[in-house]
Amino acid sequence: MSQFTYMNDIANICGLDGDLTRGPMPRWQKKLETSSNNSSFLNNSKLSVSYNNACSGNSAAASHKTPNKKTPGKKTPSGKSSGRKTTPGSKERSKTPTGGDRFIPSRVNSNFELGHYAIAKEHQKEAEEGDSAPDNAKRVASMGEQKKLLTEAIQGATGEGGSQRILSYHVKAPSAPDSHQNPLKVVYSTKTPISTKSGTRYIPHAPERILDAPDIINDYYLNLMDWSQSNVVTIALGNCIYLWNASNGKTDQLLEYDEGEHACSLSWIQGGNILAVGNNSGAVELWDCTVKKRLRVMSSHENRVGVLAWNSHIVTSGSRNGIIVNHDVRTRNHCVNRLNGHTQEVCGLRWSPDGRHLASGGNDNLVNVWPVVAGSHHSADQPLYTFSEHHAAVRALAWCPWAPNILASGGGTADRCIKFWNVNNGNLMDSVDSKSQVCALLFSSTYKELISAHGYVNNQLTIWKYPSMSRQAELTGHTARVLQMAMSPDGSTVISASADETLRLWNCFAPDPNQAKKGKASSSVISQSVLRASIR
């Protein structure tokens, strides 16, 4: 018997179909055989459920075997019979061609017929348990009724007379008892600084410095503080006027009135050391603060002078009887003209940055805008506009530095609104309820923001984003109403004087250091380019 015949007999005994070849099968033939076996397995739709169960059981049993585990003493044959039809094992199917860990489901192990059979059997079981046709009809009817109600609700909410909401609370939630203490109240009430990463700048909520201001007069209609361009703060305390140098912290007394007399208004001239002082006897005094000497006294009012404003060599004063006087400090006859636009005490005066308009506010709830006389620095006798929309005394006035035609005004306790006016056409641009008495207003020269000082009830300073008027920050600390505000020469710090006899300095408009670096870098680049151009 030949060796080849002997090998065929062994194959027949082991149940292998076909003849054995003398050598291993080529790789291309092995791949072709495997792909043909897989396609024939997927296309065969006459497999029985038991056969599929058996196949799935074999694959499950194969999946429990330890991968890459070899029986000792046995060698893996290098070739397979050409007539044997096999499917890839679980070890081969679980491997990813690229060697990654991504899961790829195998359609070979998925038994779609068995899954379809199980789902159909489950639906049949539910139908037999009592899901009858009438119940289905009721369910469809209820769904149609819900759809109809929803359609009516939407039409009612969006129609002409509809103001109701589809989802709304009809009963207000009951309030907590008085004895209840919310442990998270501190967390939600804590005012955290605004981060610069969120698109807004950082604003310190604590004052940089606190100064004592004893005997400050608590009068809403007086203006008892101002900050000069030479960085000197003047303030009236009792019957004395003090000068505080913000650069070195030195304090000097400018003057002291006799018993029964006191200052009612203070105002620095632009870019100088001349201080205008209005007192309770109706006089306006000019003081040279460098040498602490009084230069002249201008008497034009019969009542106290509660507010002053400079425009070049013109100082404008407002008195308790509603009269406004323009004084030319260069001439002997200082009284240029008188303005009769208010019936009660004038408590607010502001010249626009370009010197073209004078704004005045009074206890008669009026805001008057006076145009400047052509070729001069004093205002005309008749107002250009008179605004009567406020319902309380108007003391807080501020002109926008980047838009000189925009005027902001704030009302007292009965009004509490901040209004914006366009003096080019006399229109009211916006009105915001601040929820408290408005005592002072200032526009920032560094940012497009507005700061307001308030009285009852929180006695706070509020920073607003302009023109959206969204609250940026609230600076609290004063225990009484804020009577006055003033801006530092560089526009970074605001000083507030309160009836609690303290002065607080807030570094709320400090320039952004990142923007400063960018500005320095751009200026250095420009200087280098100019230098190179000049050298060439």
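How far apart are the end C-alpha atoms of residues 475-507, and how much of the span is helix and how much strand? The end C-alpha atoms sit 11 Å apart, and the span is 0% helix and 52% strand.

Before the close-ups, a word on the model. This is a predicted model, where local features need pLDDT of at least 70, side-chain atom pairs count only at pLDDT 80 or more, and totals for chains, interfaces and linings use all residues. Residues are numbered from 1 along each chain as its sequence is written, and side-chain values use heavy atoms, with hydrogens and water left out.

**View 1. Two spans that UniProt lists as "repeat: WD".** The UniProt record, an unreviewed entry, gives this label to residues 339-370 and 475-507. UniProt positions follow the numbering used here, with feature names shortened, and annotations may be inferred rather than shown by experiment. In residues 339-370, the end C-alpha atoms lie 9 Å apart, and the span is 0% helix and 56% strand. Helices (H or I, at least four residues) and strands (E, at least two) are DSSP runs, numbered from the N terminus.

**View 2. Arg304 and Asp219 join up across the chain.** Which kind of contact do the side chains of Arg304 and Asp219 make? They meet in a salt bridge, 3.1 Å from N to O. The two belong to distant parts of the chain, 85 residues apart. Arg304 sits in the loop between strand 9 (293-299) and strand 10 (305-311), while Asp219 sits in the loop between strand 1 (209-212) and strand 2 (225-227). A salt bridge here means a side-chain nitrogen of Lys or Arg within 4 Å of a carboxyl oxygen of Asp or Glu. Why pair up at all? Side chains of opposite charge can pair when their charged atoms come close. Arg304 counts as buried because its relative accessibility is 12%, and Asp219 is buried too, at 18%.

View 3. Glu285 and Arg294 bring their side chains together at 3.8 Å, N to O. Glu285 is buried, with a relative accessible area of 5%, whereas Arg294 is partly exposed at 44%. Lys435 pairs with Asp433, and their closest N and O atoms are 3.6 Å apart. Lys435 is exposed at 55%, while Asp433 is partly exposed at 31%.

**View 4. A patch of negative charge on the surface.** Glu256, Asp258, Glu259 and Glu261 gather here. Patches are made of residues with over 30% relative accessible area and no salt bridge, and like charges are joined within 9 Å, while nonpolar side chains (Val, Leu, Ile, Met, Phe, Trp, Tyr) are joined within 5 Å. Lys and Arg count as positive and Asp and Glu as negative, with His and the chain ends not counted. The place of a charge is NZ of Lys, CZ of Arg, CG of Asp or CD of Glu. Glu256 belongs to strand 5 (residues 251-256) and is exposed, with a relative accessible area of 53%. Such areas come from the Shrake-Rupley method with a 1.4 Å probe, and for residues only the protein chains shown count as cover.

**View 5. Trp421 and Ile406, in two strands.** Trp421 is part of strand 20 (residues 417-422) and Ile406 is part of strand 19 (residues 406-411). They are 15 residues apart in sequence, yet 5.6 Å apart in space, C-alpha to C-alpha. Is Trp421 buried or exposed? Trp421 is buried, at 1% relative accessibility, and Ile406 is buried at 9%. The C-alpha atoms of Trp421 and Ser431, 10 residues apart along the chain, are separated by 9.3 Å.

View 6. Most residues other than glycine have a negative phi, and most peptide bonds are trans. Now look at Tyr456 and Val457: a cis peptide bond joins them, with omega about 25 degrees. Val457 is in the loop between strand 23 (449-454) and strand 24 (461-465). From Tyr466 to Pro467 the bond is cis as well, with omega near 10 degrees, and Pro467 lies in the loop between strand 24 and strand 25 (470-475). Ser312 is not a glycine, but its phi is positive, about 60 degrees.

Note on methods:
Buried means under 20% relative accessible area, exposed over 50%, partly exposed in between (1.4 Å probe, protein chains only).
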